[in-house]
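The stops below say what to select and what to look for.

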Amino acid sequence: QVQLVESGGGLVQAGGSLRLSCVASGIFFRIHTMSWYRQAPGKQRELVAQITSSGTTNYRDSVKDRFTVSRDNAKKTVYLQMDSLKPEDTAVYSCNAVIFRTSLAAPANYWGQGTQVTVSS
């Protein structure tokens, strides 16, 4: 069974930094795109950043130049370095991965349980 487990959330003051990690475990063929989403109370979930298996990245405009997504394919891990944090970044951050269970299987989406990030003003 494939699992994604996030870590690194917490409480930080505005202007501070946090680094989130998400590691994939289980038996599978390969991971394609890995992404970070967030959901603030009363709001819809939104894509924050994503990175493909070849290293191509994409960010939502509000986090560009502040957040950096990276991955270590050998460790099956994706990271989100968050700098210059703002109160509006407060949300539950969840990891998503598009994973091929076998070389012949169609890709499937997997989600972590989420980690809380709270930025105080």
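**Before selecting anything**

This is a predicted model, in which local features need pLDDT of at least 70 and side-chain atom pairs count only at pLDDT 80 or more, while totals for chains, interfaces and linings use all residues. Residues are numbered from 1 along each chain as its sequence is written, and side-chain values use heavy atoms, with hydrogens and water left out.

**Stop 1: the whole chain**

Show the protein chain as a cartoon. What secondary structure does the protein chain have? There are zero helices and 11 strands. Helices (H or I, at least four residues) and strands (E, at least two) are DSSP runs, numbered from the N terminus. In sequence order the pattern is β-β-β-β-β-β-β-β-β-β-β.

Switch to the C-alpha trace. Along its principal axes the trace spans about 50 × 25 × 25 Å. The radius of gyration of the protein chain is 14 Å, which agrees with the value near 14 Å for a compact globule of 121 residues. That radius is taken over C-alpha atoms, and the globule rule is 2.2 Å times the number of residues to the power 0.38.

Now colour by accessibility. Of the 121 residues, 41% are buried. Buried means under 20% relative accessible area, exposed means over 50%, and partly exposed lies in between (1.4 Å probe, protein chains only). The protein chain exposes about 6500 Å², and carbon and sulfur atoms supply 48% of that area. Areas come from the Shrake-Rupley method with a 1.4 Å probe; for residues, only the protein chains shown count as cover.

Contacts, meaning heavy atoms within 4.5 Å, can be sorted by sequence distance. Among those between residues at least 6 apart in sequence, 55% join residues at least 24 apart.

**Stop 2: the nonpolar core**

Select W36, L80, M82 and Y93. In the largest nonpolar core, which has 31 residues, these four touch the most other members. β3 (18–25), β4 (30–39), β5 (46–51), β7, β8, β9 (91–100) and β11 (115–120) each supply at least two residues of this core. β9 gives the most, with five residues. A nonpolar core here is a set of buried Ala, Val, Leu, Ile, Met, Phe, Trp, Tyr and Cys residues joined through side-chain atoms within 4.5 Å. In soluble globular proteins, nonpolar side chains tend to be buried together.

Keep Y93 selected and show its contacts. Beyond its neighbours within four places in sequence, Y93 is in contact with E6, L20, W36, Y37, R38, V48, F67, L80, M82, G114, T115 and V117.

**Stop 3: E6**

Is E6 buried or exposed? E6 counts as buried because its relative accessibility is 5%. Setting aside neighbours within four places in sequence, its contacts include C22, W36, Y93, C95 and G114. For a distance check, pick the C-alpha atoms of E6 and V119: they are 18 Å apart in space and 113 residues apart in sequence.

**Stop 4: the loop between β6 and β7**

Select D65, in the loop between β6 (57–59) and β7 (67–72). D65 has a phi near 70°, a positive value in a residue other than glycine. Most residues other than glycine have a negative phi. D65 is exposed, with a relative accessible area of 83%.

Move on to R66, found in the loop between β6 and β7. R66 counts as buried, at 11% relative accessibility. Not counting residues up to four places away in sequence, R66 touches Q81, M82, D83, S84, L85, K86 and D89. R66 and D83 are 17 residues apart in sequence, with 5.1 Å between their C-alpha atoms.

**Stop 5: K76**

Select K76, in the loop between β7 and β8 (77–82). Its phi is near 55°, again a positive value in a residue other than glycine. K76 is partly exposed, with a relative accessible area of 34%.

**Stop 6: the loop between β4 and β5**

A40 is in the loop between β4 and β5 and counts as buried, at 19% relative accessibility. Leaving aside neighbours within four places in sequence, A40 is in contact with T90 and A91. Q44 lies in the loop between β4 and β5 and is exposed, with a relative accessible area of 72%. With neighbours within four places in sequence left aside, Q44 is in contact with R38 and Q39.
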